[in-house]
Structure formats: C-alpha cells, structure tokens
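Good morning, and thank you for making time for this presentation. I shall take the structure in parts, beginning with a question for the group.

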Amino acid sequence: MRTSMSSSESLREALNFDEHLILENNWKGRFVGISDYQFFHRQSLENFEQFWAGVAEEIEWFKKFEKVVIPGEHPNVYKWFAGGRLNLSYLCLDRHVKSWRKNKLALIWEGEPVKEDGEPLEIRKFTYFELWRYVNRVAYVMKEKLHLKRGDRVAFYMPMIPELMILMLAAARLGVIFSQVFSGFSAEALASRISDIGARYIFTTDGYYRRGKIVRTKEIADKAVEECPTVEKIILIRRVGSTETPIDEAKHAYLEELLKDVNPNAYVQPEEMESTDILYVLYTSGTTGKPKGIIHDTGGYAVLLNATMKWVFDIRDEDIFWCTADIGWVTGHSYIVFGPLMVGTTVVMYEGAPDFPAPDRWWSIIERYGVTIFYTSPTAVRAFMRLGTEHVTKHDLSTLRLIHSVGEPINPAAWRWLFELIGGGRCPVGSTWWMTETGGILISHAPGLKLVPLKAGTNGPPLPGIEADVVDENGVSVPNGVKGYLIIKRPWPGMPGPPTGMYGDPERYNSVYFSRFGYFFTGDYAIRDNDGYIWVLGRSDEVLKVAGHRIGTYELESTLVSHPYVAEAAVCGVPDDVKGEVPIAYVVLKADVPKTSRVQEELRKWVRERIGAIAEPKSIFVVSRLPKTRSGKIMRRIMRALATGKPIGDITTLEDEAAVEEVKMAYEALLKEIGGKLE
Ligand code: 6R9
C-alpha cells in the first residue's frame with residue numbers, strides 16, 4: 001500500500017529523497033497503515049487526559065497522581081501528574097533489582113584507550129544489582145559526607161565514564177538537582193552554568209581520554225570555581241590517575257577516598273519525590289542572552305521516556321541499546337541514562353572519539369556487544385561516509401534491528417548509508433525529532449506501535465498525545481506541503497517543568513517560547529505532508545547546529561565582542577559537508593588595532609577557550625561595518641551568501657525583513673570589502 005499523494009511525492013523529490021523509500025515491509029504483516037495511525041492519534045488527543053493517565057500508569061508510583069495536567073504558578077508552566085510521587089533512581093534500579101533483571105547487564109562501558117593489538121584496554125560491565133550498589137554508596141557519600149539534601153544543586157563536569165551515570169542516579173535518589181555540563185566546554189562556560197544554578201559541589205575527573213590525548217578537566221574546573229562562590233568543593237573521580245596541578249584538601253576530595261569506608265551494602269532510601277519536583281537543569285543555547293537553564297520535572301519526564309522507549313525504540317528484553325550521544329547533551333540524559341534504564345535494557349556507553357584508534361571503532365563496538373538498537377546522528381554518519389565502506393563491512397553488524405538518528409535533518413545520502421550499509425537493508429531507519437526543551441522524542445516513526453509506515457527522510461507523525469502543527473507567521477496552519485514554523489499546541493509530559501520552565505526566569509521562558517504564537521514555538525521550519533508526516537527542515541532562528549550540537553549566535557557574538565580588539569561582531573552558520581553547519585564570524589575591529597591575520601588566530605583561540613572547540617568559527621572576516629538593516633538587525637543571509645559564494649537572491653521569504661534594495665546594497669558593499677579575505 002502506498003498512501004502518499006502527489007504533493008508529498010514532489011516534496012520528497014525537492015528534498016532529494018527518491019522513490020523506493022517508503023518502507024512498509026519492515027514490520028512484515030504488522031504494518032497497518034497511516035490512516036489507522038491517524039485515527040489512533042486523533043483518539044489520543046480527543047481523550048487527552050485519559051490517554052496520558054493510561055501511559056503514566058505504566059510506571060511505578062509510590063503514590064498515584066491525582067491530576068493528569070494542571071496549570072502551574074507561572075503562565076505556560078504545567079504540573080504533570082500532580083500529587084504523584086516517584087523516584088527516578090528507584091525506577092531505573094531498585095525495581096529491576098527486585099525482579100529477574102537483578103543480574104541482567106545494565107551497562108557495558110568501553111574506554112577509549114586500546115592495547116597494542118587494537119583491542120579495548122578497559123571494558124567495565126555492571127549488572128543492575130552492581131549498579132544499584134554503586135549508586136547507593138555514592139548516594140551515601142553525597143548525603144552523609146557532603147551533607148547534600150533534597151533541593152540542593154550540584155554540577156557535573158564529567159566525561160563519558162560510568163561514574164557520570166552513577167552520579168546522576170545518586171543525585172536523583174536524593175532529590176538533589178544536578179546540571180551536567182558537557183566536558184568539552186570551557187572554564188567560562190562551566191562557570192556561568194555553575195553560578196546560574198548555585199551549585200554546592202562540582203563533580204569532575206582528574207582528566208579523560210580523547211583521541212589518545214588527556215584532557216585536564218580538573219584544571220578547567222579549578223579555573224571555573226574561582227568565579228563561583230557557592231561551590232564548597234570539587235569532588236574528583238579518578239580517570240587518568242594524575243593531575244597537572246596539586247590537590248588542595250580544602251578545595252578537592254577524591255570520590256574514591258570518600259567511598260573507602262562506606263559499607264559495600266550501604267542502602268540509601270530513595271526520596272519520595274513529587275512528580276513536579278525538579279530532576280535536573282540542562283543549559284542550552286538560544287538566540288539571545290546567556291544559555292537557558294531548562295528545567296525537567298520528575299513525573300512527566302519519566303512518563304515520556306518510558307513511553308518513547310517502547311513506541312520509538314520498540315524496546316525488548318534481549319536488546320542491547322547504544323545511543324552514541326554524549327551525556328553532556330539532552331540525548332544522553334534521556335536515552336543513555338534514564339529512558340533505557342527505566343525499561344531495564346542493557347546500555348552500551350563508549351568514552352572516546354568515533355574514529356580512534358581506527359575508523360572502524362564504532363562498528364567494532366556494535367559487533368563486540370551485539371548491539372541491536374543504534375541511535376546516532378547525521379553528522380557522525382557523514383564523517384564516517386568519508387572514510388570508506390571497508391571499515392564497516394569488515395564487521396558483522398547483523399545483530400542490528402532498529403536504527404534512529406537525531407540532532408538535525410538527515411540528508412538522503414546519510415539516510416541511505418545508514419539503511420543500506422549499517423542496517424543491511426533490514427532495519428527501519430528513522431529520524432526522531434525533539435529538543436532539550438521537550439525532554440524526549442515528540443515526532444517520530446514508532447516501530448513499537450507497529451502502525452506507522454516508515455517514510456524515509458521524514459521525522460514521522462507526531463507521537464500519540466502530541467499535537468504539533470506547521471503555521472505561517474500569523475500562527476495560521478499552512479496547507480500540506482508548505483513550509484512554515486513548527487509549533488506544539490498542547491502541553492506534553494516532559495516539557496520544561498515547574499516552577500518556572502527556565503531556571504530562575506519565568507519571563508524569559510514565556511517570551512522565548514510562547515510570545516510569538518501563543519503555543520510552544522520550537523524555532524524550527526517544517527513541512528507537513530499529506531499523510532500528516534512532519535519534515536523538519538532546520539532552524540528558523542539564529543541557533544546553530546554544529547555537528548548536532550546547539551550553539552547560539554548570541555553566545556558567540558558576545559564572546560567575540562568581549563575581546564579587547566573587537567568593536568562589533570556578527571556570527572552565522574554556513575553549510576558544512578560533515579558537521580551540517582559551522583559558524584563564521586564578521587568582526588569590526590576597534591580603531592587602534594592593526595588588521596593583521598594574527599587577529600583571526602587570536603579570536604579563534606579566544607572562542608575556543610571561552611566556549612569550547614565546537615564553537616570555533618571556521619572563517620573570520622574583518623570588515624569596517626556589519627551588514628545591518630535600518631532598524632539595526634544583522635542581515636545574516638548576506639553574511640551567509642558571501643561566505644558560501646551564493647547570490648543573495650537565495651533567501652527565504654519567511655525570514656525576509658529587509659527591503660531588497662537595502663539588502664543588495666549592503667551585500668555589494670561588503671563583497672567589495674572582503675573580496676579575497678576569506679581565510
Ligand atoms: C535532541 C536535540 C534541538 C534542535 C531542534 C531541531 C534539531 C533535532 C532533529 C532535528 C531535524 C531531527 N533537530 N532532531 N532536526 N530532524 N530528527 O537535538 O536537542 O540539542 O536541544 O536541539 O535540533 O532544529 O530544534 P537540541
């Protein structure tokens with residue numbers, strides 16, 4: 001059965017997805033059809049509260065919720081499953097330890113370093129029972145030795161080692177709010193997040209391995225703490241066995257030492273958390289201002305993750321689940337730690353670089369552990385595509401049965417590569433759409449529901465209970481096949497949580513997400529096709545996605561302007577074959593600075609040190625003025641067109657706020673000026 005109509009045909013063509021890519025035979029015999037899904041989806045919205053109540057009953061509550069969803073104290077903040085009590089650490093561990101899963105593997109971790117023969121040097125495996133014991137001992141240290149209690153805040157600046165997962169579960173056990181900061185971020189980025197949340201402790205490592213080198217996290221944390229008066233101590237987890245700078249007992253303690261005299265059978269009662277209590281705060285980039293601390297609650301978040309593990313990943317007890325994200329990003333929080341452990345699966349976690357020491361590292365991991373579900377990103381796929389197929393074909397990937405990607409739209413070549421080469425033509429390959437703000441997947445194919453035919457390249461229909469739409473600038477639904485803005489029309493479990501959506505800033509939460517359309521605005525462009533499938537096309541705002549990582553242009557611009565040489569700066573993203581997008585910058589220097597090429601080098605280093613290597617601009621143009629409209633808005637499309645050698649006619653009407661003549665003049669002036677200055 002082929003359900004798509006002509007407009008989605010042409011849409012697929014426009015996006016370069018060709019004919020054979022509706023995969024209705026993936027779920028042989030079980031495939032029902034999109035109209036059945038549409039009916040099911042409509043029902044879930046018509047009986048909205050009843051539907052979500054049913055989904056919520058699939059997890060274990062210490063006390064059952066009284067209400068499904070009620071408004072919170074601030075506009076657009078909702079209380080999901082109010083009155084309910086639960087604990088994520090209990091759901092991820094204790095529940096399984098009480099069942100046959102006690103001795104099932106919860107985690108298989110592989111470190112980056114390899115032996116001479118190329119085999120991994122370290123593999124650590126934890127059963128649910130072992131993980132539970134370790135988490136209890138760490139929770140004991142947090143509670144009894146560090147005197148952390150419910151509602152306190154801590155920061156984790158942790159690389160991809162099992163202790164990160166353990167710290168998250170220990171904090172969740174005690175109701176201690178945690179904020180994990182990506183280990184590739186700089187001291188400044190770390191400091192701003194620690195001070196915003198008012199963390200009492202930072203947990204980090206002495207260092208970690210990345211591409212064969214040691215990254216010195218302790219030194220970075222030391223530097224960050226200088227500006228953070230709330231921090232009492234840095235707790236170090238030993239990973240590389242040495243630090244470059246001395247340990248100061250007043251400032252540092254090793255977790256290992258703190259654990260030494262803790263009983264191996266230590267048990268810490270999990271706190272009965274309110275469904276509406278904060279589980280964690282994760283900082284993410286927006287279009288303006290400093291990074292936003294997105295709050296995730298306990299109950300709504302747990303319900304969405306539990307449901308999506310089943311609907312989207314079709315999780316089964318024999319699965320070996322590998323999500324390749326870093327836990328520093330939301331994908332790792334939701335789909336390495338809380339989602340997979342809640343449903344009792346075996347999680348694979350890998351510490352290092354994908355191509356270290358050889359380009360087949362990832363594929364060797366799939367073979368070594370018999371990974372069945374693989375969750376990755378288009379940018380990683382594109383990087384591997386350049387390295388050739390032989391690194392893949394020498395490994396047996398036949399255990400794989402389901403593949404999804406996340407982070408940005410998937411391009412046809414990357415989709416095909418995943419489908420044909422990695423999945424051997426057997427595995428459905430989806431592109432799950434969601435955001436830090438949504439907590440979990442909202443728009444996706446759902447093999448676990450066995451209803452939805454997979455249409456390559458689309459994100460899929462909104463999941464049950466999720467009402468999404470594509471609208472024009474006035475908030476009116478656009479016809480199928482027409483590009484518009486993606487909005488979410490009803491609250492959903494897992495949305496930014498009480499009390500304020502954004503940590504300490506309810507006004508900003510409202511103005512960023514709700515002021516434009518009155519509904520949650522995702523910031524994305526999308527198309528809805530005739531089957532109701534959503535094709536997310538990319539960001540409509542100034543948020544960049546560099547190798548799938550979210551970076552705000554404002555963050556970059558303010559970092560550049562804080563350099564003593566720089567008077568003004570403007571940043572935009574330009575397409576990149578592998579990373580999807582990379583930042584470029586235009587800077588106006590102060591009068592007394594010589595225009596030498598060293599300026600570019602200096603500024604690159606400045607950004608690297610202040611935000612992190614992922615934010616480093618690919619090119620920096622020194623100009624005498626920035627292309628701005630009369631109202632002072634930076635015309636990023638001009639910058640983009642110039643840097644990519646494209647004519648400025650190539651602009652989308654949706655974002656066009658300046659007169660064409662004005663745009664042309666600014667373009668020509670700048671073109672004249674920067675001619676030949678591209679680095
Ligand atoms: C999970 C995550 C969110 C932004 C989002 C959108 C883009 C994510 C996507 C996708 C197309 C997909 N995005 N998944 N675009 N197809 N499957 O990535 O969260 O880092 O907060 O970024 O990523 O633009 O708005 P986050």
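Is cysteine 427 buried or exposed? Cysteine 427 is buried, because its relative accessible area is 0%, and the cut-off for a buried residue is under 20%. Please keep in mind throughout that this is a predicted model. Cysteine 572 is likewise a buried residue, since its relative accessible area is 1%. As for disulfides, a search of the whole structure returns 0.

Let me turn to the ligand. The shell around the ligand holds 18 residues, and those that come nearest are Thr432, Thr436, Asp524, Arg539 and Arg550. Sorted by class, the shell comprises 7 nonpolar, 6 polar and 5 charged residues. Which elements each supply at least two residues of that shell? They include α11, which spans 330–342, and β26, which spans 534–539.

From the backbone of threonine 432, an N or O atom lies 2.8 Å from a nitrogen atom of the ligand. From the backbone of glycine 407, the corresponding distance to a nitrogen atom of the ligand is 3.0 Å. Asparagine 459 contributes through its side chain, where an N or O atom is 3.1 Å from a nitrogen atom of the ligand. How much of the ligand's accessible area does the protein cover? On its own the ligand has 540 Å² of accessible area, and the protein covers 97% of that.

I return briefly to α11, one of the elements that supply the shell. This helix is mostly covered, with 13 of its 13 residues buried. After α11 comes glycine 344, whose phi is positive, near 70°.

The next topic is charge pairing. In general, side chains of opposite charge can pair when their charged atoms come close. In this model the count comes to 47 salt bridges, and I shall discuss several of them.

One joins arginine 610 and glutamate 188, with the closest N and O atoms 3.4 Å apart. Arginine 610 counts as buried because its relative accessibility is 18%, and the limit is under 20%. Glutamate 188 counts as partly exposed, because its relative accessibility is 38%.

Another salt bridge brings together the side chains of glutamate 257 and lysine 260, at 3.4 Å from N to O. Here glutamate 257 is partly exposed, with a relative accessible area of 39%. Why does lysine 260 count as exposed? Its relative accessibility is 62%, and exposed means over 50%.

A further example is the salt bridge between the side chains of glutamate 408 and arginine 382, at 3.1 Å from N to O. Glutamate 408 sits in the loop between β20 (402–405) and α15 (412–422), while arginine 382 sits in helix α13 (residues 378–385), so the pair ties together parts that are 26 residues apart in sequence. Both glutamate 408 and arginine 382 are buried.

Finally, there is a network of salt bridges, which links Glu110, Glu119, Arg361 and Arg368.

Thank you for your attention.

Methods:
Residues numbered from 1 in each chain as written. Predicted model: local features only at pLDDT ≥ 70, side-chain atom pairs only at ≥ 80, totals over all residues. Heavy atoms only, no water. Near = heavy atom within 4 Å. Polar contact = N/O pair within 3.5 Å; in protein donor to acceptor, adjacent residues only side chain to side chain. Areas by Shrake-Rupley, 256 points an atom, 1.4 Å probe, with all protein chains shown as cover. Helix = DSSP H or I, 4+ residues; strand = E, 2+ residues; numbered from the N terminus. Nonpolar A, V, L, I, M, F, W, Y, C, P; charged D, E, K, R; others polar. Salt bridge = Lys/Arg side-chain N within 4 Å of Asp/Glu carboxyl O. Buried < 20%, exposed > 50% of the residue type's maximum accessible area, 1.4 Å probe, protein only. Disulfide = S-S within 2.5 Å.
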